[in-house]
Amino acid sequence: LKVEVVDQSQDRPEIIVSSHAPEQSQGTEHRYRLALPPRLFGKIEFGVRVVPFHPELTHPYELGYAKWA
């Protein structure tokens with residue numbers, strides 16, 4: 001899996017930070033930690049997206065799986 005933080009406050013969403021490796025795993029639960037220093041002032045909208053990751057995938061959305069939070 002790959003976890004991404006997406007800046008949605010722009011006209012075009014931009015991936016700010018992403019991680020492929022969980023910080024902590026226990027059974028089937030995985031915890032990711034991403035550092036996100038503020039870059040702008042004012043109203044900022046962020047989304048968190050989880051997508052499949054594998055080196056042989058041609059595109060992260062080719063399987064049709066993505067989860068937003």
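User: How many bridges join strand S1 to S5?

Analyst: This is a predicted model, where local features need pLDDT of at least 70, side-chain atom pairs count only at pLDDT 80 or more, and totals for chains, interfaces and linings use all residues. Residues are numbered from 1 along each chain as its sequence is written, and side-chain values use heavy atoms, with hydrogens and water left out. Strands are DSSP runs (E, at least two residues), numbered from the N terminus, and two of them pair if DSSP finds at least two bridges between them. S1 (residues 2-7) and S5 run antiparallel, and the number of bridges joining them is six.

User: Which residue in S5 stands opposite Asp 7?

Analyst: S5 covers residues 46-51 and has a covered and an uncovered face. On the uncovered face are Phe 46, Val 48 and Val 50. The residue opposite Asp 7 is Phe 46.

User: What is the order of the strands in the open sheet?

Analyst: The sheet has four strands with antiparallel pairing. Its edge strands, each pairing on one side only, are S2 (14-19) and S6. The order is S2-S1-S5-S6.

User: What percentage of the residues of the protein chain count as buried?

Analyst: Buried means under 20% relative accessible area, with a 1.4 Å probe and protein chains only. The protein chain has zero helices and six strands. Of its 69 residues, the buried share is 16%.

Terms used: Buried < 20%, exposed > 50% of the residue type's maximum accessible area, 1.4 Å probe, protein only.
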